[in-house]
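Morning, everyone. Please have the structure open on your screens.

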Protein chains: 2
Amino acid sequence: MFVHDLPTPALVIDADVFEANLAAMAAARPGSSLRPHVKAHKCTALALRQAAHGHHTFTCATPHEALGLAAVGLGADLLIANEVVDPRRLEALGALDDDVMITVAIDSEATIEAAARAGLRHCVVDVDVGLPRCGCGPEDAGRLADTARSRGLAVRGVMGYEGHLMMAEDRAKQREQVESAMALLRAAHDDVGGDVISAGGTGTYDLHDRTGVTEVQAGSYALMDTAYGTLGLPFGQAVCVVGTVLAVKPGYAVADVGLKALGMDHGNPSIDGARVWFCSDEHVTFAVGDAADGAPSRPEVGGRVRVLPAHVDPTMALHEVAWLTRGDEVLERWPIDLRGWG
Amino acid sequence: MFVHDLPTPALVIDADVFEANLAAMAAARPGSSLRPHVKAHKCTALALRQAAHGHHTFTCATPHEALGLAAVGLGADLLIANEVVDPRRLEALGALDDDVMITVAIDSEATIEAAARAGLRHCVVDVDVGLPRCGCGPEDAGRLADTARSRGLAVRGVMGYEGHLMMAEDRAKQREQVESAMALLRAAHDDVGGDVISAGGTGTYDLHDRTGVTEVQAGSYALMDTAYGTLGLPFGQAVCVVGTVLAVKPGYAVADVGLKALGMDHGNPSIDGARVWFCSDEHVTFAVGDAADGAPSRPEVGGRVRVLPAHVDPTMALHEVAWLTRGDEVLERWPIDLRGWG
């Protein structure tokens with residue numbers, strides 16, 4: 001099968017760019033120094049490739065992601081890097097086989113209580129390092145660790161996501177800010193103990209050599225998006241949504257890749273050599289210039305166009321399947337099997 | 001079952017507001033003067049309720065939506081209000097039983113050729129009335145109709161979506177602009193013939209009394225969103241995403257409704273009585289003021305919060321199921337069975 005045979009919109013992964021991304025990250029952060037975050041792709045087939053590059057610990061955003069990884073044999077050490085208070089979801093995790101290890105984030109008495117009641121056995125203390133989201137104050141971490149231990153939970157350490165520092169133009173300043181944020185996390189870790197200091201993401205994966213962090217939770221590096229693409233990281237754009245051109249008008253064209261095929265919170269997608277005007281539910285309208293303007297050859301109705309998402313994570317959540325490709329050849333069909341919440 | 005028992009994020013529909021919306025629209029545009037657009041909800045159970053209000057013709061954005069409606073007996077008169085050039089998708093439509101009628105939009109020789117080759121029998125000429133998307137120039141409509149007839153297609157009339165005029169602050173000016181756009185559509189219809197002049201949406205459903213349009217393609221009116229909610233239409237906000245509060249901090253709180261549960265192209269969602277700061281993949285962070293500021297009572301970890309989407313259509317596409325509710329009671333479970341592309 002070939003890319004031009006795929007029904008569109010089609011989520012297409014370039015196998016060579018993808019493999020190069022995995023190799024580059026595995027060289028920089030080998031083995032368990034990277035805990036790949038599956039929220040960025042929601043695909044067990046892709047996680048198995050990350051495992052083939054030596055990473056056997058994974059980060060999850062949802063219990064559903066953890067259950068899915070466990071089902072394909074990737075459950076040796078799963079961190080749900082979010083608080084969970086739903087008793088049924090926690091109980092499903094607590095009921096997993098003994099060869100699966102689930103560690104959940106806690107940041108309050110209520111989240112400790114929920115995890116303990118559901119029979120979970122491992123946690124990390126989630127520490128607020130500057131992103132206004134979950135995480136306790138660093139000064140509360142030791143007390144919460146004691147509470148968790150008193151409720152029978154093994155406290156493996158701390159995590160703190162510096163999500164507010166992922167995108168930065170000034171790399172030196174970004175490093176300084178990351179190091180300040182991680183000083184808060186280390187201070188919390190002094191009070192908590194344990195082997196794990198977990199933090200980071202694709203935007204900061206290479207800024208943790210002096211932070212004391214034991215593992216980085218990057219995910220977007222595998223497929224990338226145009227937002228991360230602006231940072232000059234050594235990872236290439238491996239994913240696009242292939243569309244079919246439906247109309248060609250004076251000055252613009254329309255393809256069948258719209259709001260229901262693209263995460264839009266980072267703005268419009270991009271098309272190489274063209275300027276995207278806007279997206280509708282099922283369409284992208286893009287300006288087509290003259291060849292003299294550097295634009296690609298004029299599209300034709302029925303032709304294909306590659307649309308690059310601005311934000312990969314929510315884009316993946318809109319598709320049932322991704323196609324692994326090399327050139328025009330389709331190599332594999334990968335279900336996006338971790339989407340939804342179960 | 002009750003709303004507080006649902007796993008979150010949970011897409012929740014208020015049955016009374018929803019039924020009132022359907023009744024209000026059926027009173028304004030009864031029977032076939034409304035062709036409800038299912039792209040706004042992607043749910044056959046919801047379409048069956050629209051049929052119960054007297055609407056037996058439907059608008060679809062994708063072949064997958066049309067096949068799904070046909071499968072539940074709602075295929076008597078389905079308009080795919082978009083161009084389709086994928087031969088397999090068209091052939092699946094052409095192979096439907098004789099009691100299903102599919103009409104597809106065409107706007108070029110290539111789209112006519114694709115429909116004719118696949119054995120489709122009915123089309124409308126899609127006319128550009130000002131939205132830079134698909135649709136032929138009004139002056140080309142008659143010629144394309146002739147071409148379509150020569151290829152064996154029955155030409156039922158014209159459609160023209162004034163999508164650029166859905167949101168307007170000045171209602172009188174909006175009416176004027178809609179009437180100008182529809183004058184283009186009527187002129188095209190003069191050259192095309194047929195019984196159908198199809199246009200409109202929720203934002204203009206009541207501006208077509210003098211336009212000559214025979215049917216309006218509104219969809220968002222059934223569930224609504226905060227963008228349409230600004231227009232003062234007689235339709236209430238019937239859908240929200242219920243989340244669980246995961247963290248309460250000084251000045252703000254966090255719930256488990258994020259980018260993967262919300263269409264974000266119209267911006268952040270809303271929470272009554274609170275101010276939304278930002279969304280992450282699985283979280284919404286929102287400011288919580290003092291009771292003196294009119295904010296709701298301080299949320300508690302494990303409590304529930306109702307998050308109102310800014311754009312309903314792509315929000316629906318992110319959920320597997322919607323829950324029909326009255327007060328705290330869950331009445332029905334509705335699969336969002338028309339999402340994806342098949």
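Let's start where the two chains meet. This is a predicted model. In it, 46 residues of chain B are in contact with 46 residues of chain A. Which elements of chain B give two or more residues to that side? There are helices: H4 (87-94), H5 (109-117) and H9 (312-316) of chain B. There are also strands: S9 (239-249), S10 (252-255) and S11 (275-279) of chain B. The largest share comes from S9(B), with three residues. Now sort the side of chain B that touches chain A by class. You get 20 nonpolar, 13 polar and 13 charged residues.

How are the copies arranged? Two copies of a chain are related by a rotation about an axis and a shift along it. Here, chain B can be laid on chain A by a turn of 180° and a shift of 0.0 Å along the axis. Through which surface do they meet? Of the interface residues of chain B, 100% are also interface residues in chain A, so the copies meet through the same surface.

Next, the domains of chain A. The domain assignment gives domain 1 as 3-10 + 235-335, and domain 2 as 17-222. So much for the bounds. The C-alpha centres of domain 1 and domain 2 of chain A lie 33 Å apart. Their contact takes 10 residues from domain 1 of chain A and 15 residues from domain 2 of chain A. Look at the domain 1 side. Helix H9 (residues 312-316) of chain A gives the most there, with three residues. By class, that side of domain 1 of chain A has seven nonpolar, two polar and one charged residues.

Last stop: helix H1 of chain A. H1(A) runs over residues 15-28, which makes 14 residues. From first C-alpha to last, H1(A) reaches 20 Å. That is close to the 20 Å expected at 1.5 Å a residue. Which residues of H1(A) are buried? They are Phe18(A), Asn21(A), Leu22(A) and Met25(A).

Note on methods:
Residues are numbered from 1 along each chain as its sequence is written. Chains are lettered from A and ligands numbered from 1 in the order in which they are written. This is a predicted model: local features need pLDDT of at least 70, side-chain atom pairs count only at pLDDT 80 or more; totals for chains, interfaces and linings use all residues. Helices (H or I, at least four residues) and strands (E, at least two) are DSSP runs, numbered from the N terminus. The expected span of a helix is 1.5 Å times one less than its number of residues. A residue is buried if 20 or more other C-beta atoms lie within 10 Å of its own, exposed if 12 or fewer, and partly exposed in between; C-beta atoms are placed from the backbone. Two residues are in contact if their C-beta atoms, placed from the backbone, lie within 7 Å. Ala, Val, Leu, Ile, Met, Phe, Trp, Tyr, Cys and Pro count as nonpolar, Asp, Glu, Lys and Arg as charged, and the others, Gly among them, as polar. Copies are superposed by least squares on the C-alpha atoms of residues with pLDDT of at least 70 in both. Domain bounds come from an automatic or database domain assignment.
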